[in-house]
Number of protein chains: 2
Amino acid sequence: MNQARGAREAGAVYRRELYQQPETLAALAKRGEEFGALAEQLRRSRSRLVRLAGHGSSDNAASYGTYAFGLIAGLPAFRDSISLAVYYDTDFDLADSLVIALSQSGRTPDVVSYLAHAASQGATTLAVTADLDSPLAEVADACVSLGTGQEEAIAATKTYTAELGILALLAAHLAGVGERYASALEEAASALAAWLAAPPPALEPLAAALLESKRMMILARGPEFATARETALKLLETCRLAATPLTTTDFAHGPVAALDPDFPTWIIAAADATLPAARAAAERARAAGCSVIVSGTGAGALAEQASVLLPSAASPEPLLGPILSIAAGQLFALALARAKGLDPDAPAGISKVTLAP
Amino acid sequence: MNQARGAREAGAVYRRELYQQPETLAALAKRGEEFGALAEQLRRSRSRLVRLAGHGSSDNAASYGTYAFGLIAGLPAFRDSISLAVYYDTDFDLADSLVIALSQSGRTPDVVSYLAHAASQGATTLAVTADLDSPLAEVADACVSLGTGQEEAIAATKTYTAELGILALLAAHLAGVGERYASALEEAASALAAWLAAPPPALEPLAAALLESKRMMILARGPEFATARETALKLLETCRLAATPLTTTDFAHGPVAALDPDFPTWIIAAADATLPAARAAAERARAAGCSVIVSGTGAGALAEQASVLLPSAASPEPLLGPILSIAAGQLFALALARAKGLDPDAPAGISKVTLAP
């Protein structure tokens, strides 16, 4: 792959897809009729519980889904265990469950097995995928297209935010507030486009400053914990940086002791009830001599504690914040990879990546 | 705290508690009558779902609980969101749920709030804690003592394995196989004592070899994923090493691309259906030039792929494997901390750790 690159800019494919996000999100917002009909169909199943599953970025989207369904639709949701179904063949009665499998390709074998297994246990099943002809779509009762086309870059960007948008819209339609969320998503898409056109100037210098860093803590609480996990995954995949995502409370519970000035700490702050916990974490990291990066829709409130501020675009609905706040992590991963001489589009060893067993 | 240490050996408290584990596990195995009565009480609540919550090591024990309840008792279980209850005050009907909160001290404020909130939503609540007079015990319908006394070391050891033992025993009693698991746990306790008396000789040289490492991947699948998470937490807390726990499938899904020879990879292998996935991960890490450490009850089967083999004691029941396999991570964290000149009993900045907000 490296040979085929020619003079192409490192990470050009990744960057192109990253910048397509406002467009794919705006397109999602226009699919109100489809989401309305789907919600109607799902309501008939009388599911009382939502189980979400996926790998990598899709698993991070599932983290977000817990909050989207819980807070928008009042439906308990959780990240389900794939391995219990696939490796241990558990036999649960899932008649009360809506099971949502997230997979960009729709071809990850154990996600397909997981959904087929859930269907055989009586669950109502939904596939969220870019490919409606995939094996995953085939085994599901209903499907939602990501509307992204096939993602070319190794590291997911537009499929991740599309998954977030879909989970939010679905929860909103189930709750009867689909239109409100659709127009908020459209507004969020515009806000993201404006943000991407003029990202925080601190971003590039930050990449230069963290060139030698091999580790980082990434902290958040609530819906933004999905952003912490996804930012960590981007930095691991594209920059070989071992970033540890932790909730602010888990951080305070022990890992705070690990901090030294060589342990940059990134906090994704939401402008909601979790803000005091984010502020407390920022203060502790600062006291330990760490560089404290703050992003998120609540970043402004932590200006005093931050070494570097990367404020996100303002969110028209609090629950759409994670769709906007991941952009800082996505762009920083690109900047850091380039600064390190790595190409996000051609990571070493990628020829060895095949479909997971 | 550093001033008060005097000539005491670094990590002496942590080591003492680590070596108390066989004793606390054997004592658990003798509480059959108590677990039988508790299972009887819980059965009457007709819970169809188990929700588990805790922070840090207790959250890792909750990962294990998903498998203990799922595989031993046939009960769906999952790690619940604490923040949905504590920060966002969700209003779910939890009449169908057994909610188990795990907290060594029983004083972590948001775990106490979480359990009180669950009780107000109709759940049957259980506290698992070292302190039966704690606020957590007070809000719960039923309590199980860890039987460890107060843990003195900052980094949990014996309370973690006690939590695992309690979850396994409780699931076993719910399934009517309490006696079988109690005698298996007693056997496991003896096996652990023998292992601790003569740990793998490769352990100390490994600490010397990884002295400069700042990051690591720790891989497992199924019940041993709890071990991967807990090993990562121990290394972060006591050695400032940023270890990323990943399932073998998530690893193959992207992060494999991050590997370079400076990214040691630790695989916890179980002798069950997940072994081929562990072997595939080991082969990929090996091909990327990484040092591949293999522990767990299935380590022997991966001798060919391993750079360093740290086999765990043999488990009398597959589901008790994680109780035995965490010991390698616990001991290695001590060895690495000492090699680095760090004291697990007096981590920097610990005076700043107060009860989480």
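Strand 1 (residues 49-53) of chain A pairs with strand 3 of chain A in the parallel sense, over 5 bridges. Two strands are taken to pair if DSSP finds at least two bridges between them, and helices (H or I, at least four residues) and strands (E, at least two) are DSSP runs numbered from the N terminus.

This is a predicted model, in which local features need pLDDT of at least 70 and side-chain atom pairs count only at pLDDT 80 or more, while totals for chains, interfaces and linings use all residues. Residues are numbered from 1 along each chain as its sequence is written, chains are lettered from A and ligands numbered from 1 in the order in which they are written, and side-chain values use heavy atoms, with hydrogens and water left out.

Let me continue with the sheet. Within strand 3 of chain A, A:Ser97 is the bridge partner of A:Leu49. The sheet is open, with 5 strands in the order 2-1-3-4-5 (chain A) and parallel pairing. Strand 2 (77-79) and strand 5 (142-145) of chain A each have a single partner strand, so one side of each is left without a neighbour in the sheet.

Helix 3 (residues 32-44) of chain A lies across strand 3, strand 4 (124-129) and strand 5 of chain A, and runs at about 155° to strand 5 of chain A. Axes here are lines fitted to C-alpha atoms, for helices over the stretch in contact (heavy atoms within 4.5 Å), with angles from 0 to 180 degrees between N-to-C directions. Helix 6 (residues 109-120) of chain A touches strand 1, strand 3 and strand 4 of chain A, its direction making about 165° with that of strand 3 of chain A.

I turn to the nonpolar cores, sets of buried Ala, Val, Leu, Ile, Met, Phe, Trp, Tyr and Cys residues joined through side-chain atoms within 4.5 Å. Buried means under 20% relative accessible area, exposed over 50%, and partly exposed in between (1.4 Å probe, protein chains only). The largest core has 109 residues; among those touching the most other members are B:Met216 and B:Phe332. Helix 14 (residues 321-339) of chain B gives the most to this core, with 12 residues. A second, separate core of 108 residues includes A:Leu203 and B:Leu84.

Finally, the aromatic pairs. Rings of Phe, Tyr and Trp (its six-membered ring) pair if their centres lie within 6.5 Å; planes under 30 degrees apart count as stacked, over 60 as edge-to-face and the rest as tilted. The count comes to 5 aromatic pairs over all chains. A:Tyr67 and B:Tyr88 are edge-to-face, 6.3 Å centre to centre with 75° between the planes. Both A:Tyr67 and B:Tyr88 are buried.
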